[in-house]
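Dear colleague,

I am passing on the structure below, together with a short account of what was found in it. Please look through it first and then read the notes that follow.

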Amino acid sequence: MGHQTVQEAMTSNPAAVTPDTTVQEAARLMKSEDVGALPIVEDGRIVGVVTDRDLSIRVVAEARDAETPVREVASKDIVTIDPQQSLEEAARLMAEHQVRRLPVVEEDGRLVGVLAQADVARSGHDTLTGDVVQKISQ
């Protein structure tokens with residue numbers, strides 16, 4: 001059957017930044033980790049997400065300094081998922097919000113992992129994955 005919950009399929013201890021991390025450091029981390037989004041964490045709790053799109057639109061397009069802290073350019077509206085949720089629910093959220101990665105967050109706001117589209121794919125939910133990929137690439 002493959003994985004049933006987000007917790008079983010997610011990546012634990014994901015790369016993350018703090019609100020004070022510079023946009024340059026965030027970009028470097030995205031490159032080294034090969035990810036397009038990083039959770040922003042303060043005291044173990046998620047306070048935002050910074051994406052490669054935030055960096056290109058809010059930093060490059062507005063000619064901001066490389067030392068700008070990520071909190072000034074980050075997306076405020078974050079879509080997260082609970083570790084106990086099903087992968088079906090995760091896939092639905094990804095499709096609905098057009099995101100490829102979901103921060104996995106406990107009820108108290110603690111970041112415990114990240115679930116990527118690839119994780120859903122690996123879980124063997126072929127129909128689910130096809131559906132998500134189709135919706136995201138439209």
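Asn-13 is exposed, at a relative accessible area of 73%, where exposed stands for over 50% relative accessible area, buried for under 20% and partly exposed for what lies in between, with a 1.4 Å probe and protein chains only. Please bear in mind that this is a predicted model, in which local features need a pLDDT of at least 70 and side-chain atom pairs count only at pLDDT 80 or more, while totals for chains, interfaces and linings use all residues. Residues are numbered from 1 along each chain as its sequence is written, and side-chain values use heavy atoms, with hydrogens and water left out.

Asn-13 has a positive phi of about 45° although it is not a glycine, and it sits in the loop between strand E1 (11-12) and H2; helices (H or I, at least four residues) and strands (E, at least two) are DSSP runs, numbered from the N terminus. Asp-43, in the loop between E2 and E3, likewise is not a glycine and has a positive phi, of about 55°, and Asp-43 is exposed, with a relative accessible area of 74%.

**The chain as a whole**

The protein contains six helices and five strands, which follow one another along the sequence as α-β-α-β-β-α-α-β-β-α-α. Of its 138 residues, 43% count as buried. As for confidence, pLDDT (the predictor's confidence in each residue, from 0 to 100) averages 88 over the protein, and 87% of the residues score at least 70.

**The largest pocket**

A pocket here is an open set of points on a 1 Å grid over the protein atoms alone, where a 1.4 Å probe fits, with protein on both sides within 12 Å along at least five of seven lines; its lining residues have an atom within 4 Å of a point. The largest pocket has a volume of about 660 Å³, a volume being the space filled by probe spheres set on the points, which are joined across faces, edges and corners. Its lining comprises 22 residues, and Ala-37, Val-49, Thr-51, Gln-98 and Val-99 lie nearest its centre. Strand E2 (37-42), strand E3 (45-51), helix H3 (52-60) and strand E4 (101-105) are the elements that give two or more residues to this lining, with the largest share, five residues, coming from H3.

With kind regards
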